[in-house]
Structure formats: structure tokens, C-alpha cells
Amino acid sequence: FFSYQTYKDSHRERLANKYNSTIIKHENGDKAKTISSMKEIIEDKDTTYSPLALYFLIDNDLIKNPEEINTLFGELINKTNLEEEIKNLNIYKKALFNSNFVLENELLQILNPIINSQSIWKSHSLYLVAEYFYANGEKEKAKEFFNQILTLPKANNDIKLASQKRINRDLSE
């Protein structure tokens with residue numbers, strides 16, 4: 001057991017060093033090596049550094065292909081041993097990433113595991129869907145999702161307030 005724990009600790013330290021050195025090398029402009037290293041970190045399935053690597057790729061707009069980003073999200077969500085709420089956060093981030101270019105059914109399919117749960121990210125997910133419908137001119141559908149947020153017992157207070165404002169200002173009859 002002690003040997004295994006020592007191995008895990010040293011592996012995690014190497015992973016941390018790899019992540020940090022990749023960020024430093026990225027500042028020097030080697031995009032291809034940055035992408036390759038970050039993908040390796042994601043594939044390592046570490047609960048801390050794999051999500052950080054994916055977020056780095058997205059935040060720095062290093063991968064242009066949405067399908068490739070979605071594949072990496074799949075790796076993170078389905079194959080990394082994340083805590084349930086961290087997994088839900090990543091599902092939400094995947095939906096947020098995709099919300100500008102997917103159809104309604106695809107967005108709902110991504111968010112379904114959260115919407116059908118009692119996750120702390122449920123109100124965020126419902127708000128994203130409501131705003132998606134509102135932006136696409138589907139006000140009745142938007143109002144339906146905003147109202148769902150208002151009835152949630154554990155909804156985020158800021159999201160609940162924003163939903164109420166949206167209904168009163170833009171969706172009241």
C-alpha cells in the first residue's frame with residue numbers, strides 16, 4: 001500500500017510539473033506541443049489536472065474544432081473519476097461551450113443528466129436553456145424554463161433573481 005501511494009504521489013507530481021511546464025512553453029508560442037501535452041494530461045484521467053488542461057485549451061482557443069473539444073469533454077466526463085458535482089459542472093461547461101452552435105435537442109441532451117437530478121448545477125442548466133430559447137425568440141419555452149427555476153427549492157439565489165427579473169421585464173403579458 002505504501003509503495004502504491006508513493007507511486008501515485010510521484011505520478012501526480014510529474015503531472016503537475018508537466019502541466020506547469022506546458023503553460024510556460026505555451027507562452028513561448030509552441031501551440032502544437034501545448035495541445036499535445038494538454039491532451040496527454042486529459043487522457044491521464046487525473047481529477048485535478050485533466051479538467052485544468054481542457055479548460056486551458058478552451059480558454060486559449062487552441063483547438064478550433066468543436067467536435068474535438070467535445071471528444072475531450074467526453075473523455076473528462078465519462079472516463080475520469082470525478083466527484084458527482086464536479087462531473088455535473090463539466091457537463092454544464094460542455095453545454096455552455098456548445099450553446100452557440102448546437103440545436104435545441106442537442107443542448108437538452110447534453111444537460112439532461114443535470115436537469116433530471118438534484119444537482120447544485122440544475123438551476124444554472126435551466127437558466128442556460130431558458131436564455132437559449134429567449135435568444136432564439138422562443139419566449140414561451142424560455143418562460144417555462146425560467147418558471148422551473150423559480151420553483152426549485154435549492155436554486156442559486158442570483159439565478160432565481162435573474163429569472164424573476166427576466167420574466168417580469170421581458171416575458172410578462
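Analyst: Start with helix α6, residues 104-115. Helices here are DSSP runs of H or I, at least four residues, numbered from the N terminus. α6 has twelve residues, yet its end C-alpha atoms are only 14 Å apart. A straight helix would reach 16 Å at 1.5 Å a residue; the expected span is 1.5 Å times one less than the number of residues. One caution: this is a predicted model, where local features need pLDDT of at least 70, side-chain atom pairs count only at pLDDT 80 or more, and totals for chains, interfaces and linings use all residues. Residues are numbered from 1 along each chain as its sequence is written, and side-chain values use heavy atoms, leaving out hydrogens and water.

User: Which residues of α6 are buried?

Analyst: The general idea: an α-helix has 3.6 residues a turn, so residues three or four places apart point the same way. In α6, L107, I110, L111, I114 and I115 are buried (under 20% relative accessible area, exposed being over 50%; 1.4 Å probe, protein chains only). Seen down the axis, they fall within an arc of 140°, so they line one face of α6. The arc is taken from directions between the helix axis and the C-beta atoms. N105 and Q109, on the other side, are exposed.

User: What covers the buried residues of α6?

Analyst: The cover includes α5 (84-98) and α7 (122-135). Contact means heavy atoms within 4.5 Å. Take V129, in helix α7. V129 is buried, at 1% relative accessible area. Leaving aside residues up to four places away in sequence, V129 touches L108, L111, I115 and F145.

Conventions:
Helices (H or I, at least four residues) and strands (E, at least two) are DSSP runs, numbered from the N terminus.
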